[in-house]
Amino acid sequence: MEQQLLNLLMYTIPSLVTGSVAFLFFREHMQNEEERRKFNIVKSLSKESLPMRLQAYERLALFLERISPNKLLLRVAPIGTNKQDYEDLLIRSIEQEFEHNLSQQIYLSDDCWTIITASKSATIQLIRKVGVSDKIDSSDKLREAILNEMLDKSAPSNAGLHYIKKEVGEIW
């Protein structure tokens, strides 16, 4: 009986060791294969999404350029002489540009999108702040006052442009 138990152990122990080693190798191989598949999927997705992300950054850089007060005032001419109508036209133009590019936020980081919306809000606030003055009584004077306001400081959209450039630089 003792001999049979010894024989059984002599066959069982090497089988268990061999089976355990085979199991560990198989598990390691399966983990490596899974990681390789994930890497290939991420690699193929990044090839497809990178052009879309770059296009989103490009479109939002264009948006920020277009809402820069200096360029906005050149592009959006007053229809009449009423100061309030021109102020509303400028703000409406900014809002329309923003709404046109709203879907691009899915390709940007949250920080970048926050800075872009803050740039838009700061530009609108600048236009409203200048328009509040009682000295300004026509659309031409509003235009002139906004341009004078921009002489000694940079456009609010410049912060967004700098951030976009920084983020695109990190992609490369």
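## Lys120

Lys120 is placed in helix H4. The model is a predicted one, and the description below refers to that model.

Is Lys120 buried or exposed? Its relative accessible area is 10%, so Lys120 counts as buried, the cut-off being under 20%. Leaving out residues up to four places away in sequence, Lys120 touches Phe63, Ile67, Ile94, Glu95 and Phe98. Helix H1 covers residues 2-67 and helix H3 covers residues 83-100, and the contacts of Lys120 include Phe63 and Ile67 as well as Ile94, Glu95 and Phe98.

## Fold and dimensions

The chain has 6 helices and 0 strands. In sequence order the pattern is α-α-α-α-α-α.

The radius of gyration of the chain is 32 Å, whereas a compact globule of 172 residues would have one near 16 Å. The C-alpha trace spans about 115 × 25 × 25 Å along its principal axes. Taking contacts between residues at least 6 apart in sequence, 75% link residues at least 24 apart.

In soluble globular proteins, nonpolar side chains tend to be buried together. The largest nonpolar core in this chain holds 34 residues, and the members that touch the most other members are Leu90, Leu108, Ile116, Ile146 and Ile164. Two or more residues of this core come from each of helix H1 (2-67), helix H2 (69-75), helix H3 (83-100), helix H4 (110-131), helix H5 (139-151) and helix H6 (157-171).

Which residues does Ile116 contact beyond its neighbours within four places in sequence? They are Leu60, Phe63, Leu64, Leu108 and Ile164. Among these, Leu108 and Ile164 are also named with Ile116 as residues that touch the most other core members. Phe63 is in contact with Ile116 and is touched by Lys120 too.

## Ala61

Ala61 lies in helix H1. With residues up to four places away in sequence set aside, Ala61 touches Leu161 and Ile164. Ile164 is also in contact with Ile116.

How far apart in space are Ala61 and Pro78, C-alpha to C-alpha? The separation is 25 Å, for two residues 17 apart in sequence.

## Surface and charge

Of the 172 residues in the chain, 30% are buried. The chain exposes about 11800 Å², of which carbon and sulfur atoms supply 59%.

There are 22 positive and 24 negative side chains in the chain. The centres of these two sets lie 3 Å apart.

Note on methods. Residues are numbered from 1 along each chain as its sequence is written. This is a predicted model: local features need pLDDT of at least 70, side-chain atom pairs count only at pLDDT 80 or more; totals for chains, interfaces and linings use all residues. Side-chain values use heavy atoms; hydrogens and water are left out. A nonpolar core is a set of buried Ala, Val, Leu, Ile, Met, Phe, Trp, Tyr and Cys residues joined through side-chain atoms within 4.5 Å. Buried means under 20% relative accessible area, exposed over 50%, partly exposed in between (1.4 Å probe, protein chains only). Helices (H or I, at least four residues) and strands (E, at least two) are DSSP runs, numbered from the N terminus. Contact means heavy atoms within 4.5 Å. The radius of gyration is taken over C-alpha atoms; the globule rule is 2.2 Å times the number of residues to the power 0.38. Accessible areas come from the Shrake-Rupley method with a 1.4 Å probe; for residues, only the protein chains shown count as cover. Lys and Arg count as positive and Asp and Glu as negative; His and the chain ends are not counted. The place of a charge is taken as NZ of Lys, CZ of Arg, CG of Asp or CD of Glu.
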